[in-house]
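Please consult the sequence and the structure alongside the text.

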Amino acid sequence: MDPAEPKSRGTRAEIARIRRKPLPDEVAARLRQLISDGNLRPGTRMYEKPLSEQLGVSRTPLREAFKVLATEGLLEIVPHRGAIIATLTLRDLDHMFTVLGALEALAGELACSNISEGALEEIRVLHEKMFKCHAARKRVEYFRINQSIHERIIDAAGNPVLSSVYASLSGRIRHARYTPAISDAAWAQGAKDHEMILAALVARDSGRLNRILTDHLRHKRDGVKAALAPRAGKDWLSPEPALAAESSRGSESAPLLR
């Protein structure tokens, strides 16, 4: 008897359905990643027609995704203009880095108690790769690994509520936080901080790691603000010139995804 056949005519086979995310959620996830990675920059208008064509979806799930991202603070829905990538002020960065610092400091404390030896070894390996990138002056690769280390510490805390709050907030400033445009001095300070972060984590010294991560986020905030302030008009973190020009054309055919 075929194992997939019901045992009797009146009994259904117990086969689980294949589940997938609702389409608006998939669209929101894709746009969220593009915004966080900096491919869609602050102040850029989201034109529905080209965006729906490039994503291969209709406008209905796209509009639903816009609503989701607006509640997360990633988009602004402006009457008669539609969806626009939210812009951050330098003051916004101050507030966000303060909260992120508190969250990461708490995560560091929890991780000291909860992290497995396997997860600790993975962070150690990433740390070594990151410092090779630092020595080779490979900024983009360095900050990609840097982000992964911070996220693994959050995961190691083992607190799903903390992880959820952190993911929501960090996504809004990820591109600014991990910008390769910071000065050499700020980059060197961040690398020095990471040496201390790893040492405290290996020693499982929760109090020390709390203090180091708090200071590290403050150093990062100062470095990011110094890098972005010259581009910011009237305290706003403006979009890149090319995208700003693209946003002001007012054409429905303006390409937004590359």
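Predicted model: local features only at pLDDT ≥ 70, side-chain atom pairs only at ≥ 80, totals over all residues.

Residues are numbered from 1 along each chain as its sequence is written, and side-chain values use heavy atoms, with hydrogens and water left out.

**Overall architecture**

- The protein contains 10 helices and three strands, where helices (H or I, at least four residues) and strands (E, at least two) are DSSP runs numbered from the N terminus.
- Along the sequence these elements follow the order α-β-α-α-β-β-α-α-α-α-α-α-α.
- Of the 258 residues in the protein, 41% are buried; buried means under 20% relative accessible area, exposed over 50%, and partly exposed in between (1.4 Å probe, protein chains only).
- Among contacts with a separation of 6 or more, 74% join residues 24 or more positions apart; contact means heavy atoms within 4.5 Å.

**Helix H8**

- Helix H8 covers residues 184-202, and its 19 residues should span 27 Å at 1.5 Å a residue, which agrees with end C-alpha atoms 27 Å apart. The expected span is 1.5 Å times one less than the number of residues.
- The buried residues in H8 are Trp187, Gly190, Ala191, Asp193, His194, Ile197, Leu198, Ala200 and Leu201.
- These buried residues of H8 pack against helix H4 (90-114), helix H5 (117-135), helix H6 (139-157) and helix H9 (206-228).

**Packing of H5 with H6**

- Two packed helices are described by the angle between their axes and the distance between the axes.
- The axes of H5 and H6 come within 9 Å and cross at roughly 160°. Axes are lines fitted to C-alpha atoms, for helices over the stretch in contact, and angles run from 0 to 180 degrees between N-to-C directions.
- H5 and H6 are therefore roughly antiparallel; angles under 35 degrees count as roughly parallel, over 145 as roughly antiparallel, 65 to 115 as roughly perpendicular and the rest as oblique.
- The crossing of H5 and H6 is left-handed, a term used if the near helix is turned anticlockwise from the far one by less than a right angle, with right-handed used if clockwise.
- H5 contributes Glu122, Ile123, Leu126, His127, Lys129, Met130, Cys133 and His134 to the contact, and H6 contributes Glu141, Tyr142, Ile145, Asn146, Ser148, Ile149, Arg152 and Ile153.
- By class, the contact of H5 with H6 holds eight nonpolar, four polar and four charged residues. Ala, Val, Leu, Ile, Met, Phe, Trp, Tyr, Cys and Pro count as nonpolar, Asp, Glu, Lys and Arg as charged, and the others, Gly among them, as polar.

**Packing of H5 with H8**

- H5 and H8 pack with their axes 11 Å apart, at an angle of about 160°, and H5 is thus roughly antiparallel to H8.
- H5 passes H8 in a left-handed crossing.
- The contact joins Leu120, Ile123, Arg124, His127, Met130, Phe131 and His134 of H5 to Trp187, Ala188, Ala191, His194, Glu195, Leu198, Leu201 and Val202 of H8.
- The contact of H5 with H8 comprises 10 nonpolar, three polar and two charged residues.

**Packing of H6 with H7**

- H6 and helix H7 (residues 160-177) have axes 11 Å apart and pack at an angle of about 170°, which makes H6 roughly antiparallel to H7.
- The crossing in which H6 passes H7 is right-handed.
- Gln147, His150, Glu151 and Ile154 of H6 meet Leu162, Ser163, Tyr166, Arg174 and Arg177 of H7.
- Three nonpolar, three polar and three charged residues make up the contact of H6 with H7.

**Loop residues**

- Arginine 137 lies in the loop between H5 and H6; its phi is near 60°, a positive value in a residue other than glycine.
- Arginine 137 counts as partly exposed, at 46% relative accessibility.
- Lysine 138 is also placed in the loop between H5 and H6 and is partly exposed, with a relative accessible area of 43%.
- Leaving aside neighbours within four places in sequence, lysine 138 is in contact with Cys133 and Trp187.
- The C-alpha atom of lysine 138 is separated by 9.3 Å from that of proline 180, 42 residues apart along the chain.
- Arginine 204 follows H8 and is found in the loop between H8 and H9.
- Phi of arginine 204 is positive, near 55°, in a residue other than glycine, and arginine 204 is partly exposed at 30% relative accessibility.
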